[in-house]
Amino acid sequence: MTAVGDISRIAIDRRAVISVLRRLRTPEGQADPFPLYQELRAMGDVVPAPWGGYFITGYDVCDQVLRGRNWLVPDFAWQERQQDTERWQAPATREMSLTLSRLNAPVHTSQRRGLGNPFDRSTVAAMRPQIEEHVARLLDALDGELAANGVADFVGIVSEQLPLATIGRWLDIPATDFPHILDFTHRQVHAQELLPTKSELAVSEQATLELRAYFTELVRSRRARPGNDVVSRWIRHWDEQLAGDRHAADQMVYQLVMFVTIASLETTATLLSVMVALLLDEPVRWQWLRHNPGHVDDAIEEALRYDPPIHLNSRVAADDTVLAGVPMARDTTVHVMYGSANHDPRRNPDPDAYDMLRGGTHLTFGGGAHYCLGAALARLEARALLTALLNRFPTLRLASPPSYAPRMVFRRVTSMKVTA
Ligand code: HEM
């Protein structure tokens, strides 16, 4: 392996990096990106991106960036300084730049404080029966489809529906709106990919308009008829914080509710699909877990480690700095590669094996000030689903391997046929 910070070797490897990126975008690369990540890691912990900035491939350096105070998320001000205005000033990109994940201290700190921990132990315990109800209903639908056709698409019937039902109930959104929400969240995400094309940005822009219209109206109607739901609570909180400036409060709540919805849907759906795919890939794993249900949480953590729903996230240098021996100027972008970090053999030996008993570590929910707010909820959904599936479908099998959307950042399983 290249010594960390060996800049001369880094420069030589530019074409090799381009080759890896090209292969990462193919269907084969999407289905199994881990050998390609290994190629990148072999070039070093810090690998120059062809368009500037760096990929951070190793676990410890990724962790250092996520937790480091001298690394910021690329916020609105950073975006405005970029020369590629087509990308960074695109309406869909700008809309996201005002959300929690794109804010830095002190604004980020005050917004996080305002939210508290929305999924603390007691809330999660209170949500569990509802989530188990959703699971039971979705598994009835799966059962019905299997009885009728012999095969069923697990993604469409179960994985995409459970996070939607969960977050929909939490935000008190009518179920009739769910298909629309699912549709625009899938289309919006392009703007957050690594290298969106012009046409992808246009698709995201249209989705952003729909999303803004939908959630603005939701906040308006909740203000008109407040209840005891989370959106009404956020309105009360921000009215107080902003000294009665209702317009500003509504804008704040719109950004929160819109972002939480986007942040929770595809990510959790991907976890649910990937977890089931990894377990069914070797039927012996499914059988072993059925007989050892005390390891359900271990199976979930290992799925989170093995194939994280988000494979990459970016940070920018707050000042001139040196990372793993490589000097970097203020504003330099680094791409933290969660998928590669989790497969770093220095942290998780034999990383490409799915091993429920490894007790490994992962960066799948990020780290530091921006650590995922919904990690406990995602784990709760995965636990409820896996426990019920093992009981109700002891002979579940994969009828076809999962198909993935052609993306590098936000993993999305588009279909996965199962049989029983
Ligand atoms: C398996 C499912 C999920 C995964 C893998 C995931 C992953 C992530 C990651 C990687 C981040 C960025 C962390 C960083 O920048 O260091 C994040 C942030 C966030 N996630 Fe999740 N997430 C999941 C589910 C959820 C759910 C269910 C919710 C809400 C109900 C949620 C809400 C958020 C929010 C609000 C943030 C922004 C936090 C901030 O910037 O302060 N996520 N998530």
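## Ligand contacts

An oxygen atom of the ligand sits 3.0 Å from an N or O atom in the side chain of Asn 313. The model is a predicted one: local features need pLDDT of at least 70, side-chain atom pairs count only at pLDDT 80 or more, and totals for chains, interfaces and linings use all residues. Residues are numbered from 1 along each chain as its sequence is written, and side-chain values use heavy atoms, with hydrogens and water left out.

Two further side chains come in at 2.7 Å. For His 370, an N or O atom of the side chain is 2.7 Å from an oxygen atom of the ligand. For Arg 112, a polar side-chain atom lies 2.7 Å from an oxygen atom of the ligand. Helix H9 (107-115), H16, strand E5 (313-317) and H20 each give two or more residues to the shell around the ligand. Helices (H or I, at least four residues) and strands (E, at least two) are DSSP runs, numbered from the N terminus.

## The shell and the iron

In total, 30 residues surround the ligand. A residue is near a molecule or strand if one of its heavy atoms lies within 4 Å of it. His 108, Arg 112, Arg 315, His 370 and Cys 372 are the closest. H16 supplies the largest share of the shell, seven residues. By class, the shell has 17 nonpolar, 11 polar and two charged residues. Here Ala, Val, Leu, Ile, Met, Phe, Trp, Tyr, Cys and Pro count as nonpolar; Asp, Glu, Lys and Arg count as charged; the others, Gly among them, count as polar.

Which protein residue is a donor of the iron atom of the ligand? The only one is Cys 372, through SG, at 2.3 Å. Donors are N, O and S atoms within 2.8 Å of the metal (3.2 Å for Na, K and Ca); water is not among the atoms, so sites may look incomplete. Cys 372 lies in the loop between helix H19 (338-342) and helix H20 (375-392).

## Nonpolar cores

The largest nonpolar core has 105 residues. Such a core is a set of buried Ala, Val, Leu, Ile, Met, Phe, Trp, Tyr and Cys residues joined through side-chain atoms within 4.5 Å. Leu 142, Phe 215, Trp 234, Met 275, Leu 385, Leu 386 and Leu 389 touch the most other members. Helix H16 (residues 246-281) gives this core its largest share, 20 residues. A second, separate core has 19 residues, including Val 65, Met 328, Val 334 and Val 336.

Trp 234 has contacts (heavy atoms within 4.5 Å) well beyond its sequence neighbours. Leaving aside those within four places, Trp 234 is in contact with Leu 115, Trp 170, Leu 171, Val 253, Leu 256, Val 257 and Val 260.

Glu 266 is placed in helix H16. At 8% relative accessibility, Glu 266 counts as buried. Buried means under 20% relative accessible area, exposed over 50%, partly exposed in between (1.4 Å probe, protein chains only). The Glu 266 side chain makes a polar contact with the side chain of His 186 (2.6 Å). A polar contact is a pair of N or O atoms within 3.5 Å; within protein, one must be able to donate a hydrogen and the other to accept it, and residues adjacent in sequence count only if both atoms are side-chain atoms. Not counting residues up to four places away in sequence, Glu 266 touches Thr 185, His 186, Val 189, Arg 407, Phe 410 and Arg 412.

Pro 163 lies in helix H12 (residues 161-171). Pro 163 counts as buried because its relative accessibility is 2%. Beyond four places in sequence, its contacts include Ser 264, Leu 265, Thr 268 and Glu 381. Thr 321, in strand E6 (residues 321-323), is buried at 14% relative accessibility. Its side chain makes a polar contact with the side chain of Asn 70 (3.4 Å).

## Backbone points

The peptide bond from Ala 105 to Pro 106 is cis, with omega near 5°. Pro 106 is in the loop between helix H8 (91-96) and H9.

Asp 172 is not a glycine, yet has a positive phi of about 60°. Asp 172 lies in the loop between H12 and helix H13 (178-188). At 47% relative accessibility, Asp 172 counts as partly exposed. Asp 331 also has a positive phi, near 80°. Asp 331 is found in the loop between strand E7 (326-328) and strand E8 (333-336).
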